[in-house]
Amino acid sequence: MHELAKSLTQLVTEDYTRRSSFSSLQDLFSNASSWSVKPGVTSPISLLFGLNIDAKSKRASDGPEAMASTATTPPPPDVRDLRWAAEQLVKKEEEAVQRSSREHLATLTAEARAALAELRCTFQDAWRAGRLREILICNDLDGSLLEQLERHKWDVARARRFLQKHLKWRADNRVSDVLNKPKVPQWKHVEFRRHWAGGFHNRDRLGHPMYVDRAGSADLTRLRQKLHMSADDMMEMYLANIEIKRRYLLPKLSRQAGRRVGRFSVLLDLTGLDGRFFSTSVFGYLQRISKAFSNNYEELQHTIVVANAPRIFQRFWSLVKGFVPKETLQKVRILDSNKPAAEQIGDLVEVSQLPQFFGGTSLCGIGEKDDGGFKLDSGAAYERDIDRAKQWLREGKQPEIEEAILDGRAAKFLDEEGLSRTDEVHQPGGHRSPMAAPAAASLISPSWTGEFKKTLKRPC
């Protein structure tokens, strides 16, 4: 150890701007082969720089190829490093979304900013405690509050009452449990899609994702008879489907876009709708979900386009639209079946993005059938991601973290940033080190530490 201390002292006093210092550093790493280190115990030099030193590392005298291999080929990250990297990556992406909302706030009038500040005072403590995480897109408090203020015509009292009422409704009805601790088994959710097809397909002109709902072809009567589902079961499935959009899908799209994506448009295809859809039991179910949606989720939808509506729906709509909230009515566009749909909603969706059964040119497999009902692979990517996210939530995991590990983004983040976490290694009292270490080639550049500390200090 005396020899190590002497070598370290000499290294620190050298001029780091000289490239020859890298040779001294490499020589010091090479001498590590003479240290007696037990398997699984981190060596002193690895504690200093956060690097894993192999006792069989090649010496600098073995040649430049050996030096290059040692300096540029980091060991593969273990699952703990990947999880840490996924957490840092998701935080970075969420910060970009939150920053976008703050930039939008700066363009508003002084009165609008004052209204937001007043509303924020009511919910800021709950947000800091993490109690609002499930209803916020990327934990973006300002963006969510701004949407509520815009929806309620900048009436702070109305926006406050709505949010408080919504939070109470969630608590009273244990809405979190529809994903975290569901009563309806997953196989019933899968079977439900065999009889009511839907999925996301492309985006509208404003960038909102479009949800295609083939409700006209749905057979709810057969569905209830086959699966023996109660009205409560179907209500839980509806809430689970809309909650997964809010808690997983919209945040995912927001992180990808670097801005808040808090709404989606709905293309409702009523082709094939008949009187069975309006049976007493089905009508009661539709009333329940309509009330839950209007009172709690209306702000998630940007526009609802109803196409291929038969006459029976026109009569039904004339009866019920008086009970539909004004805010929802303003979003509904019922197309004339005698005119091309693409011409009627050209201002909303480009023809190239519109499914063919809506009069567009985009191929869309949602609603294709086989002998057992709708094909489960008609919206394969969407269904796979949704089912996987639901599974992670049932296991108490964070879908955004697990997905970043699974799709390779966490490993790519580690590689691009040149970082490796020092994980619980010989910290006093077993505490984790909050700092990360650079790759070997980055040690000659002192700027990495300052930049990474800035990243750690950014607000989440």
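Helices here are DSSP runs of H or I with at least four residues, strands are DSSP runs of E with at least two, and both are numbered from the N terminus. Good morning, everyone, and thanks for coming.

First, the ground rules. What we have is a predicted model, where local features need pLDDT of at least 70 and side-chain atom pairs count only at pLDDT 80 or more, while totals for chains, interfaces and linings use all residues. Residues are numbered from 1 along each chain as its sequence is written, and side-chain values use heavy atoms, with hydrogens and water left out.

Now the overview. The chain has 20 helices and nine strands. It has 460 residues, and 46% of them count as buried, where buried means under 20% relative accessible area, exposed means over 50%, and partly exposed is in between, with a 1.4 Å probe and protein chains only. Contact, for us, means heavy atoms within 4.5 Å. Among contacts between residues at least 6 apart in sequence, 71% join residues at least 24 apart.

Let's go to the sheet. Five strands form an open sheet in the order β1-β2-β3-β4-β5, and the pairing is mixed. Strands β1 (198-203) and β5 are at the edges with a single partner strand each, so one side of each has no neighbour in the sheet. From one strand to the next, the twist averages 20°. Two strands pair, by the way, if DSSP finds at least two bridges between them.

Please find β4, residues 301-307. On one pairing, β4 runs parallel to β3 (residues 264-269), joined by five bridges, and Ile304 is the bridge partner of Val266. On the other, β4 runs parallel to β5 (residues 332-334), with three bridges. There, Val305 stands opposite Arg333, and Val306 has Ile334 as its bridge partner. As a reminder, side chains in a regular strand alternate between the two faces of the sheet.

On to the helices. Axes are lines fitted to C-alpha atoms, for helices over the stretch in contact, and angles run from 0 to 180 degrees between N-to-C directions. Helix α6 (residues 110-128) packs on helix α7 (residues 141-151) at about 130°, with the axes 10 Å apart. The two are therefore oblique to each other; our classes are roughly parallel under 35 degrees, roughly antiparallel over 145, roughly perpendicular from 65 to 115, and oblique for the rest. The crossing of α6 over α7 is right-handed, meaning that the near helix is turned clockwise from the far one by less than a right angle, with anticlockwise being left-handed.

Which residues of α6 and α7 meet? From α6 come Ala115, Leu116, Leu119, Arg120, Phe123, Gln124 and Trp127, and from α7 come Leu141, Asp142, Leu145, Leu146 and Leu149. By class, that contact has nine nonpolar, one polar and two charged residues. Ala, Val, Leu, Ile, Met, Phe, Trp, Tyr, Cys and Pro count as nonpolar, Asp, Glu, Lys and Arg as charged, and the others, Gly among them, as polar.

Is Asp140 buried or exposed? Its relative accessibility is 2%, so Asp140 counts as buried. Leaving aside neighbours within four places in sequence, Asp140 is in contact with Val97, Gln98, Ser101 and Arg260. Asn139 is found in the loop between α6 and α7 too, and has a phi near 55°, a positive value in a residue other than glycine. At 11% relative accessibility, Asn139 counts as buried. Most residues other than glycine have a negative phi.

Lys153, in the loop between α7 and α8 (156-172), also has a positive phi near 55°. At 64% relative accessibility, however, Lys153 counts as exposed.

Helix α10 (residues 186-193) and helix α11 (residues 220-227) pack at about 150°, their axes 11 Å apart. That makes α10 roughly antiparallel to α11, and the crossing is right-handed. Trp187, Lys188, Glu191 and Phe192 in α10 meet Leu223, Lys226 and Leu227 in α11. This contact has four nonpolar, no polar and three charged residues.

That's my tour; I'm happy to take questions.
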